[in-house]
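Please read the following account alongside the sequence and the model. It goes from single residues to the chain as a whole and back again.

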Amino acid sequence: QVQLVESGGGLVQAGGSLRLSCAASGRTFSSYAMGWFRQAPGKERDLVAAISRSGSTTYYPDSVKGRFTISRDNAKNTVYLQMNSLKPEDTAVYYCAATRSTWSRVEAWGQGTQVTVSS
């Protein structure tokens, strides 16, 4: 089973940018669809970006569409989340996730990385 380690979180002012990285262990990275979820205090964990196994298809909810970009490098076993035009409401713990089926059946989670956007 794949193991995931995120990096790249931090504190940024509104309007700024951050790039998150998620490094995966194992030789089967390319068999997983990858995603980024976020969870703010007192709220549910929500999917904010997803990418198919090959990287040819991506998904974003309206709340981040046009501001966030997910990408992956299967040769490096890494998935990225570029976040631009950040807003205070983007403040949350961001989690990398992997699945070989649907997002209701996540098979691996990263430990999470805090993103804080100040106004």
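Gly112 is buried, because its relative accessible area is 17% and buried means under 20%, exposed over 50%, and partly exposed in between, computed with a 1.4 Å probe and protein chains only. This is a predicted model, in which local features need pLDDT of at least 70 and side-chain atom pairs count only at pLDDT 80 or more, while totals for chains, interfaces and linings use all residues. Residues are numbered from 1 along each chain as its sequence is written, and side-chain values use heavy atoms, with hydrogens and water left out.

Gly112 sits in the loop between β10 (108-109) and β11. Helices (H or I, at least four residues) and strands (E, at least two) are DSSP runs, numbered from the N terminus. Leaving out residues up to four places away in sequence, Gly112 touches Glu6, Val93, Tyr94 and Tyr95, where contact means heavy atoms within 4.5 Å. Ser54 is 58 residues from Gly112 in sequence, and the two C-alpha atoms are 24 Å apart in space.

The next residue to look at is Thr113, which belongs to strand β11 (residues 113-118). Thr113 has a relative accessibility of 11%, so it counts as buried. Which residues does Thr113 contact, leaving aside its neighbours within four places in sequence? They are Glu6, Gly8, Gly9, Leu20, Ala92, Val93 and Tyr94. With Gly9 there is also a polar contact: a polar atom of the Thr113 side chain lies 3.3 Å from the backbone nitrogen of Gly9. A polar contact is a pair of N or O atoms within 3.5 Å; within protein, one must be able to donate a hydrogen and the other to accept it, and residues adjacent in sequence count only if both atoms are side-chain atoms.

Now the whole chain. It contains 0 helices and 11 strands, and the radius of gyration is 13 Å, close to the 14 Å that the globule rule gives for 119 residues, so the chain is as compact as a globular protein of that length. The radius of gyration is taken over C-alpha atoms, and the globule rule is 2.2 Å times the number of residues to the power 0.38. Along its principal axes, the C-alpha trace spans about 40 × 25 × 25 Å. Of the 119 residues, 44% count as buried. Among contacts between residues at least 6 apart in sequence, 54% join residues at least 24 apart.

The chain carries 13 positive and 8 negative side chains, and the centres of the two sets are 6 Å apart. In this count Lys and Arg are positive and Asp and Glu negative, with His and the chain ends not counted. Each charge is placed at NZ of Lys, CZ of Arg, CG of Asp or CD of Glu.

Trp36 is part of strand β4. Is Trp36 buried or exposed? Trp36 counts as buried, because its relative accessibility is 0%. Between Trp36 and Ser118, 82 residues apart in sequence, the C-alpha distance is 21 Å.

Most residues other than glycine have a negative phi. Asn77, however, has a positive phi, near 55°. Asn77 lies in the loop between β7 (68-73) and β8 (78-83) and is buried, because its relative accessible area is 18%. Ser85, also not a glycine, has a positive phi of about 50°. Ser85 is placed in the loop between β8 and β9 (92-99), and at 43% relative accessibility Ser85 counts as partly exposed.

Thr28, in the loop between β3 (18-24) and β4 (33-39), is 49 residues from Asn77 along the chain, with 8.8 Å between their C-alpha atoms. Thr28 has 39% relative accessibility, so it counts as partly exposed.
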